[in-house]
Amino acid sequence: MSLLTPPSAPDDDRSSPRRPAQPSHDDAPLLPRSGALDSSAVRGAGTGARPAPYTSAGHRSRRPLADQTDKGEPVRSPGPVRASAGLPDVCRPSPGPPSPKAPVIGRSPGDRAAPRPLPVPAPLPRRPTDLPPAHTALICVDLPGMALSTERGQLAGQGLEGFYRAGRRLLSRCQLRVAGREPLAVQARMVAADRASFTGTLQVCADTGPDPEIMVERTRYADGTERITLHSSALRALRLPVEVALGTDLAELGAIASGRAGPELPASVHDSGLRWSCPSGHSAVTADPPPADALASAGLLRWELDLPPGGTRSVELRVRPDGTGPVRAVGRGAMSPIAQPAAAGDDPRVQALLHTCVQDLRALLLRDPAGPSDTYLAAGVPWRCGMAPADALVAARMTLPLGTRLAASTLRTLARTQLAGPGRRSGAIPGPLRDAGPYLPPACSGTEATLLFPVLLAEARRWGLPEPETEELLPAAEHCLRWLRSTVAEGPYLPDPQPGGPQRCETQAHAHRAAVLGADLLEAYGRPGGDELREWARELRDAFREDFWVEDRGGGRPAAARTPDGRPVPHLGAAAVHLLDTGLLGSGAPAPGLLDRVRTEQLARLLGGPAMDSGWGLRTLGAKDAAYNPFGHRGGSVRVHETAVAVAGLAAAGYEKEASALLRGVLAAAETFGHRLPEMYAGEQRTEGGAPLPHPAACRPAATAAAAGVLMLTSLAGIRPDAPAGTVTLRPVRSAPLGEVGFTGLRVAGAPFSVRVSRLGLAMVEEAAGRLQLGV
């Protein structure tokens, strides 16, 4: 499923002149091409004085993101995607006459010929730039299918409600009445990543007091199936009329998000249900058992169900694009590239979080149509259901403890998008600009993706990626490294975006890691270029420690960036955590970083301080900053991905107190979100008895957030493999912040791997490949 641009991407990171630019609320596309949004719709109003915009000789002042940020990532979509400015007219079918029925509970004889369709409440006025809120929705996802519902269970056709497939809303309205009334909603819950359960009650007999006799269960699946089950507790047999009012606009998600969805389409009776059609799509709902009446003019299916005392009757609805079979999701097969691990120990939240994260990751898997055997992770639901290169690489890297198959598939998919031929962009992986917070202009996610490619390949090899697959991907990694050296040229720093952009702190960290791990990878296969990369990395370290450290009375901090004319941007944000993520070399040794030991300790102290640690995770901008906004995407919210990088980096560097505090905070936040972590939430300070505030525009589930849960939990064991050398080293968190914890079903060197960390912080391997030896 993809909501984004086709696979062919422009040769530049900026918006193509052939399509309108779109705003970014994340590192990857928020919406399809249809409908540009103003950045205020997702960033919110800042608190306090806003600083002056970033300017330099090579940059204009910051414009609204709707003017400059491209929402389209290069996409490998399972199906064609078209953005539509509106829905064309369709032919109106002629409905057939209803079948007469005998009187039943809740209906008088005169009602038989004139069924009353359920009213469609008029939606509140919404500005075209307002995103429909998604934070309260129950989202069933198993891409390319998904279903979004409110806690009432009824689909009323408002906001984002409906069944979707490949970015198109197949059904927007599904309203149930039993005995002429809507069941009283009493519970809504997620059963799994791909299904939700809604329970309601109904009282149909006047002489039973306040106790309802009918329980109505609705189980909704992401593949377009809904099962409605009635349970009777009445002492006598009942005959109940059941009515389901259906409707759809067949709108694309981009049109819905930008407020341009058209009206409901007229229905026609089709098979055992209803059908809708327009020039750009078709949809049909079939029912089992077939309804007694199907009324196209009212969009109504009707049954009369006989329930004996204590009896149960069910109706199943199936929503499909007309002429197609059921959705076949990638992540549900036996050949899923993501292993299913388990956790056990003193803290039961560990298993709950790990299980939910893995289920969400599997639900976000998509298949590359250019290489059907290859899968990758969509960025998130509901807004980012297509390929976002940087997010896909980040998530694949974080989930290496679950196997290397996802990493290899993701790398092969992105290698097909790599730019070739002459020119400064040759070897780069395309990507759009993205919002970078209040102090810097938009960054290029393609730069991060290009630098992550050789890093993921080098580390996947350490985790056990087979040599033939590594060698197959090595030329693409070489092209990425060649692009890095040609773009840097004679200078020590990599601008972002190129050319003439600022020199961002996190971009230098990504570039340094790519050079060090890339050189190690090239040397392992006897390829040239490793010495040159190592020499440049040494020059970068020396220059960075001189130019990127801002001294102050608190001990100093790394600069967020340097302008092209050499001025530091001194504000501290969560992007600095990438300085701690140095990468993994042979024998389980971490690669050298850009900071020395003293400055690493200072950064750890800052990240663990109250300005950055909200108690629920790491803020993207310190609470004392003038531009701080707890809901700001990179201006104060908690992004789970960056918190996970901080936890793993701090633990590896030996700063366990700070790492443990951040881990406990995210674990507590996950509990309030039902263990399904959103990509971000508000950075408000944690208080006694409080809960983190959801961000109304955040994706949930999101690939990087779900993968972050895997990284944070497995970092407790400190697994550092070197499959080519046949060793695995353990560096557990000695303080054992969650007590005893054990993991089974992980994957190292292509075989199951199990490890346990005791309450004393001692790690023991319980299962591993026979050829692996425990390193020192």
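A: Begin with residue classes: Ala, Val, Leu, Ile, Met, Phe, Trp, Tyr, Cys and Pro count as nonpolar, Asp, Glu, Lys and Arg as charged, and the others, Gly among them, as polar. This is a predicted model, in which local features need pLDDT of at least 70 and side-chain atom pairs count only at pLDDT 80 or more, while totals for chains, interfaces and linings use all residues. Residues are numbered from 1 along each chain as its sequence is written, and side-chain values use heavy atoms, with hydrogens and water left out.

Q: Which element gives the most to the lining of the largest cavity?

A: Helices (H or I, at least four residues) and strands (E, at least two) are DSSP runs, numbered from the N terminus. Helix 9 gives the most, with three residues; helix 9 (505-524) and helix 12 (640-653) are the elements that give two or more. By class, the lining of this cavity holds 15 nonpolar, seven polar and eight charged residues.

Q: Where does the largest share of the lining of the largest pocket come from?

A: Helix 12 supplies that share, seven residues. The largest pocket contains about 1100 Å³ of space, and of its 46 lining residues the closest to the centre are Leu580, Asp581, Ala648, Gly649 and Ala652. Its lining has 23 nonpolar, twelve polar and eleven charged residues.

Q: At what angle do helix 7 and helix 8 pack?

A: Axes are lines fitted to C-alpha atoms, for helices over the stretch in contact, with angles from 0 to 180 degrees between N-to-C directions. Helix 7 (residues 445-463) and helix 8 (residues 467-488) pack at about 145°, their axes 9 Å apart. In this contact (heavy atoms within 4.5 Å), residues of helix 7 including Phe453 and Leu457 meet residues of helix 8, among them Leu473 and Trp483. The residues of the contact divide into twelve nonpolar, three polar and two charged.

Q: In what order do the four strands of the open sheet stand?

A: Strands of a sheet pair through backbone hydrogen bonds, either parallel or antiparallel; two strands pair if DSSP finds at least two bridges between them. The order is 1-2-4-5, with antiparallel pairing. Strand 1 (138-142) and strand 5 (168-171) stand at the edges with a single partner strand each, so one side of each lacks a neighbour in the sheet. The twist averages 25° from one strand to the next. Strand 4 (residues 162-165) is joined to strand 5 by three bridges, and Phe163 stands opposite Leu171 in strand 5.

Q: Which residue in strand 31 does Ile719 stand opposite?

A: Ile719 stands opposite Leu730. An open sheet of three strands has the order 30-31-35 and mixed pairing. Four bridges join strand 30 to strand 31 (residues 727-730), and these two run antiparallel.

Note on methods:
On a 1 Å grid over the protein atoms alone, a cavity is a set of points where a 1.4 Å probe fits but cannot get out, and a pocket is an open set with protein on both sides within 12 Å along at least five of seven lines; lining residues have an atom within 4 Å of a point. Grid points are joined across faces, edges and corners, and a volume is the space filled by probe spheres set on the points.
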